[in-house]
Structures are given as structure tokens and as C-alpha cells.
Amino acid sequence: MSSEEKEPVKTICPYCGVGCGIQVMPGDEPGDMRFMPWGDAPVNEGRICIKGGAATEVVDHEDRLTDPLVKEDGEFREATWEEAYSRIVDELERIREEHGPDAMGFFGSSKTMNEENYLLQKLARRYGTNNVDNCTRMCHASTVWALRTSLGAGAMTNSMEDLEEAADVFWIQGANPGEQHPIANSQYFRQAVLEGATVIQVDPHKNKTTRSFKIDETERHMHLQLNPGTDIPLLNVIIKTILERHEEEPEAGWIDEQFIEERTEGFEHLKETLADFDKEEAAERCGVPLEDLELAAEKYAMANNSAIFTGMGMSQHTCGVDNVQNEINLALVTGNLGRPGTGVNPLRGQNNVQGTCDVGAMPNVLPGYQLVDDDEARQSVEAVWGFDVPPEPGLTNVEISHEAGESVHGLYVMGENPVMSEPDGNRVEERLQELEFMVVQDIFMTETAKFADVVLPATTWAERGGTVTNTDRRVQRMRGVQKVHENTKHDFEILCEVGTRLFGEDGGFTFEDPEEVFEELRQVCPSYHGMTYEALGEEGIHWPCYEPGDEGDQFLYEESFDTANGLGKIEGVVHQEPKEVPDEEYPLVLTTARLEEHYNTGTMSRRSPTLNRQHPENFVDVHPNDAERYGIEDGDTVTVKSRRGEITVEAHVTEDIVEGSIWTTPHFAAASANRLTNDVLDERAKIPEYKAAAAEIEVGIEP
Ligand code: SF4
């Protein structure tokens with residue numbers, strides 16, 4: 001068929017969680033394809049950011065893995081699929097026999113489909129372990145924990161559409177949609193702002209969100225540029241101000257007494273927590289004038305509808321659960337939940353990080369967030385699967401990594417890159433070498449795959465079909481064009497083959513296609529139960545969709561919360577210092593974030609000429625006062641050090657970052673922020689503290 005006769009294929013952008021629809025136009029040769037806009041795509045209506053427009057660039061990249069590789073005497077050599085599969089099955093069986101099933105860990109991927117992550121977590125559980133996790137552990141595990149515990153579901157309470165139409169105040173804390181979710185920012189949020197909505201940004205770093213709404217240039221919007229790690233005291237000042245003003249003007253509507261009375265519990269605990277709280281001292285700790293915080297409290301509380309957006313600046317702390325709980329507290333006391341234009345809304349990172357969690361690729365939950373230690377829920381899943389699931393939660397991915405060479409002897413990695421994505425990357429590399437066996441299935445030879453014993457060449461996002469779930473719970477179908485390299489396989493095919501070889505023809509891994517996997521997923525995931533591929537069509541459906549015909553919910557909790565007693569949980573929280581604070585040796589606070597033009601570990605974006613041209617190398621932002629003290633000029637080469645490593649990068653002297661803190665990114669292999677970050681974890685959600693570590697700068701050291 002010539003290219004004129006070919007039809008473009010409608011699919012979903014492989015990068016961020018906004019879930020923009022795009023089209024891929026196949027050319028005459030298998031690797032020959034180009035991006036086309038999808039004019040009436042449900043989320044983005046044809047608009048696209050730089051990443052989405054460049055997404056096809058990496059599909060036929062010269063670095064693609066094209067054949068299975070096995071390691072022999074420390075070197076990779078090409079192998080047949082038969083040899084690779086045999087080695088995987090032999091090693092997985094050996095490890096289970098010698099050490100037990102919990103000696104294996106399984107990493108799912110938010111860059112792969114719901115069906116593939118569903119199969120991976122089923123594979124882990126059929127093998128006999130709940131040691132399965134995905135990269136949500138690094139981004140929003142604490143958010144999911146707090147939302148699930150206090151409201152019911154670990155997801156956005158509202159949707160981009162209802163927020164655009166109804167929100168009067170956008171409270172954006174520790175998130176940067178201008179950079180990370182460009183189409184949500186430019187399409188939905190900007191429209192709301194054009195129609196009069198106010199933006200209150202809480203972030204130590206000025207960024208594209210600040211600039212896109214000209215936040216610093218207006219009186220309507222505010223940027224509360226706090227010191228890293230002071231989100232709890234900042235929100236406590238906001239909440240205490242609202243409570244105080246309510247005492248002075250009980251009729252003014254500072255809090256929603258009826259909502260608190262009828263729909264929440266724990267308000268007294270919050271009041272007790274804040275009884276002796278000193279607002280002035282807290283404002284000083286935050287580095288933000290108290291009157292600015294009081295004005296922000298007034299803007300949030302007195303608006304008709306205020307919506308909170310929360311990002312990794314909140315979640316990636318050892319107090320990440322408490323950070324998000326305090327956002328929930330603010331929303332609950334003001335009644336800003338359960339109706340359009342309100343809520344607590346995590347902006348999810350990758351195009352399928354929401355779905356990867358939904359389908360159970362986490363150590364404590366089965367599909368649909370059913371707890372593995374809830375006997376009734378577990379047994380209902382076991383009845384469909386036909387085998388027993390271990391009743392105790394497994395290890396999270398960072399815990400699996402910490403245990404490598406100790407209790408964990410093998411690792412199965414689908415599309416993840418922990419050497420780059422986990423904190424303290426130098427130690428991750430050391431620990432991976434302690435493993436007896438590791439298999440990686442991916443599209444490129446990642447920094448992690450180099451340590452594997454078997455590497456399986458997978459197909460890319462553009463070559464295969466399935467479903468993904470975006471940041472506002474919309475499940476959408478991806479569709480593939482033909483394979484670029486004949487000897488690659490879809491992750492779906494690989495997992496079915498490994499599962500069938502391990503557990504036999506009746507082992508639950510003989511699926512014809514992803515749709516058949518989705519049909520089984522529906523049986524064990526209540527919030528997806530009403531969906532079919534046909535019903536998803538081109539529009540997709542927001543979960544929950546319990547029965548066929550349900551249209552899905554734009555916003556959650558209209559009548560009650562999805563907690564055991566239907567009440568939203570308020571719980572006062574207090575400031576906790578980051579686990580590593582500045583001292584004489586490391587006197588600066590290092591904080592990290594991402595760039596619009598790159599994506600997480602950069603596996604794809606660093607190979608995209610269009611994206612890499614924008615930012616070919618890492619850099620560090622340094623405040624002018626700090627630069628003067630260190631004798632740093634803009635553009636100087638500097639070495640940034642922490643107790644865990646060092647990177648050499650260019651210094652950008654800018655007031656974008658607060659004094660005393662420095663800011664850099666994790667995308668670049670040779671100089672990733674994660675060579676420096678601290679791998680201490682939030683006790684409950686086990687998310688690492690990427691956002692605050694002690695650091696030092698040395699000047700004038702050339703790479
Ligand atoms: Fe892709 Fe996100 Fe950009 Fe949309 S906003 S095109 S989903 S990267």
C-alpha cells in the first residue's frame with residue numbers, strides 16, 4: 001500500500017499524564033511515520049506541546065534494541081527469543097526454589113499500557129510475591145496514600161473540564177503545569193484564567209507556570225515562593241488564618257460549617273493541632289511575608305470554588321503524606337470538595353501512571369486499589385484468577401532496590417530505569433550488581449539495562465495497542481501502526497509467553513490480544529467494570545465506571561466520600577524537617593524538578609533531536625546572593641556535591657530560585673540530580689525525599 005492510501009492511526013501521546021490524542025501517519029517503510037494532529041481529540045482538541053509533536057522521532061531511532069541480548073562473561077551477545085525465554089524461566093524457577101518467591105522483584109512501567117501492567121502484576125502474584133511496584137512510588141505514592149485514606153480514591157477528585165468551567169481559584173502547590181502538563185495549562189487553566197480565575201502558586205522556584213500567567217506581574221495572582229520543605233507550616237498559616245477569621249466573622253463563609261458537620265471527621269484534631277501554632281514564626285520559616293499568606297488564605301476561602309493542584313513538590317518528601325493531608329484539610333474545612341471546580345487534584349506525571357496503579361502494579365493493592373490484606377477483596381480476585389495471592393503487602397520499588405543482594409536476588413524490569421529514576425543512583429548501580437539475575441524489557445539500552453543478564457527488545461508506544469489512563473481518570477485507547485523491527489515484541493506478548501512457560505497453558509497467561517486482557521481486568525477491577533474497548537471508542541471514559549452504560553464521573557464525592565463511613569478525614573499535621581538539612585559541610589538545600597522538553601530519565605527525550613536541541617545538558621539554578629558568596633558567574637562550570645555523589649554542570653545565576661537553595665534536574669545520564677538525592681523514605685508511602693537534600697557547590701572545575 002502506498003503512503004497516499006494509508007490512514008493515520010489515532011492514539012495517545014506517550015509522554016505526560018494529560019493524555020492528549022495524536023495521530024501517527026505511517027509511511028511506505030515500517031519505520032517511516034510522522035506525527036499528525038488529531039483535531040477533535042477529546043482531551044486536547046488537536047493542540048499539542050513540543051514533546052507530543054516530537055514523539056514519533058524516537059520510534060525508528062538508531063539506538064533501538066532489535067534482538068534479544070544475553071550476557072556472557074560480562075558482555076552482551078545476540079540471542080534467539082527461545083534462548084532468552086529459557087534463561088529467564090530457568091532463573092526465575094531457580095531463584096524461587098533456592099530463596100522463595102519474595103526473592104524476586106517486579107517493576108511495572110507507567111510508559112506501558114494498562115493491559116501490560118495488569119499482566120506484570122499478575123505474573124508477580126502467580127509467582128508468589130507482592131513485590132511489584134511502579135514509578136508512582138517516586139512521584140505520587142504519598143498523594144495516592146493520603147487521598148485514598150482520607151477521601152477514598154488515589155486520583156484527581158475533579159477533571160480538567162469541570163475545573164476549567166467552574167474553578168475561581170487555582171491553588172497550585174509543588175506543581176508546574178506550565179512545564180510538566182503544558183496542554184492542561186495552556187488549554188484548560190489558561191481559559192479559566194482568561195475568564196477571571198485567580199492563580200496562587202506555591203513553589204520555591206519560579207517557572208513556566210509563573211511566567212505563563214504573569215503571576216509576578218499582577219495583583220490578582222500570587223506566587224508564594226517558600227523555602228523547600230516548608231509546605232506544612234505554610235498551609236497551617238493558611239488554615240489558621242481561615243479559622244481565626246471565621247471566629248471574627250462567623251457569617252462571612254470563611255469555613256463551611258455544614259460541610260464540616262455533615263461530611264467530615266477530625267475537625268477538632270485540626271483545631272487542637274493549630275491551637276498554639278505561631279503564624280509569625282511559621283511565615284519566617286517559610287520565607288514568605290505573613291501578610292501575603294493571609295491574603296492568599298482570603299483568596300482561597302472566599303472564592304466560590306477553589307481547586308487545589310498538587311505535584312511532586314509536595315509528594316516527594318519524607319512528610320509527603322502529611323503534606324497532601326494538609327491540602328485535604330484545607331479543602332475539607334472550606335467545603336471545596338464534591339462539586340465542579342474544586343477538589344484536591346494531583347497532576348500525574350506519565351501518560352499511564354494513573355492506570356498502572358489502577359490495575360494493581362503496586363505491592364499493597366490488587367486491581368482497583370483492593371487491599372491485598374483485605375481477605376474478602378483478595379478472595380474475589382483469586383476466584384477469577386484461579387490461584388492464591390500472598391496476603392501480606394510486598395516491598396516497594398525502592399525497598400526492593402535496597403534489598404538487592406540481600407533478601408532480593410532477582411529483578412524483572414519492564415520499561416523502568418531505576419539507575420536514573422531512583423535517588424542515590426550511584427548506590428543503585430552498586431546494588432544492581434549484587435543481583436543474581438536481572439531481566440529488562442525495553443526499547444533502548446538504558447542505564448539500568450546495562451546491568452541486566454537478559455535484555456528483551458520491546459516495541460514502542462507507536463507500534464502497539466492497549467489502553468492508558470490519564471491524570472483525570474480518563475481511560476483511552478492507544479492504537480499502533482506496524483512494527484519497525486521484525487524481531488521485537490510487544491510487552492503484552494513477552495509477558496504472556498513468560499507466564500505460560502512458567503505456569504503452563506492453564507496458568508492464566510494465554511491471551512489472544514490486549515482486548516482479551518482488558519476483558520479479564522474488568523472482572524477484577526470494579527471501577528473499570530463497565531468499560532469495554534467498544535464503549536471506550538475515541539472519547540474514552542472517566543472511572544469510576546461500574547456498570548456497562550455508566551458514563552463515568554467528571555468529579556467525585558458529590559454525596560459522600562468513598563471511605564468506610566463516608567466521611568472525609570481531617571487530621572492536623574505539624575512541620576517535619578527534611579531528613580537532611582544544611583550544615584557546615586553542605587550548606588545549601590538541593591531541590592529538583594523536570595523540564596518541559598525532557599521526560600523523566602530521558603530515555604526517549606534525550607534521543608529526540610527536537611527536544612534535545614532545547615536542553616542538551618543539565619544545569620543548576622543558583623540565587624544571585626549565593627552566586628556572589630561563591631564567586632560564581634552566570635555560565636560558569638560548577639560541581640554540585642552531596643554526601644552521595646557529585647555532578648558537573650553549568651551554573652545559571654537567577655532569582656528563579658530562593659536564596660540558600662539550588663535547583664537542578666534528573667534527566668541527563670552523566671549529570672543527573674539523582675546522583676545527589678537522598679534515598680530516605682516517607683514512612684507510610686515509601687516515597688523518597690527528592691525535593692530536599694544538603695549540598696555544596698565548588699566553582700571552576702571543568703568536566
Ligand atoms: Fe503529550 Fe502531555 Fe504534551 Fe499533551 S501535554 S502533547 S500529553 S506531553
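Student: What makes the radius of gyration of the protein chain agree with that of a compact globule?

Tutor: In this predicted model, the protein chain has a radius of gyration of 24 Å. For 703 residues, a compact globule would have a value near 27 Å, so the two agree. The C-alpha atoms fill a box of roughly 75 × 65 × 60 Å along the principal axes.

Student: What share of the residues counts as buried?

Tutor: Of the 703 residues, 60% count as buried. A residue meets that term if 20 or more other C-beta atoms lie within 10 Å of its own.

Student: Which residues have the most contacts inside the largest nonpolar core?

Tutor: They are Phe170, Leu234 and Ile238, in a core of 185 residues. Apart from its neighbours within four places in sequence, Ile238 is in contact with Leu293, Ala296, Ala297, Tyr300 and Leu330. A second, separate core of 27 residues includes Ala627, Val653, Val658 and Ala673.

Student: Which residues of the shell are closest to the ligand?

Tutor: Of the 14 residues that surround the ligand, the closest are Cys13, Cys16, Cys20, Cys49 and Gly52. Helix H1 (50–54) and helix H8 (182–194) are the elements that give two or more residues to this shell.

Methods. Residues are numbered from 1 along each chain as its sequence is written. This is a predicted model: local features need pLDDT of at least 70, side-chain atom pairs count only at pLDDT 80 or more; totals for chains, interfaces and linings use all residues. A residue is near a molecule or strand if its C-beta atom, placed from the backbone, lies within 6 Å of it. Helices (H or I, at least four residues) and strands (E, at least two) are DSSP runs, numbered from the N terminus. A nonpolar core is a set of buried Ala, Val, Leu, Ile, Met, Phe, Trp, Tyr and Cys residues joined through C-beta atoms within 7 Å. A residue is buried if 20 or more other C-beta atoms lie within 10 Å of its own, exposed if 12 or fewer, and partly exposed in between; C-beta atoms are placed from the backbone. Two residues are in contact if their C-beta atoms, placed from the backbone, lie within 7 Å. The radius of gyration is taken over C-alpha atoms; the globule rule is 2.2 Å times the number of residues to the power 0.38.
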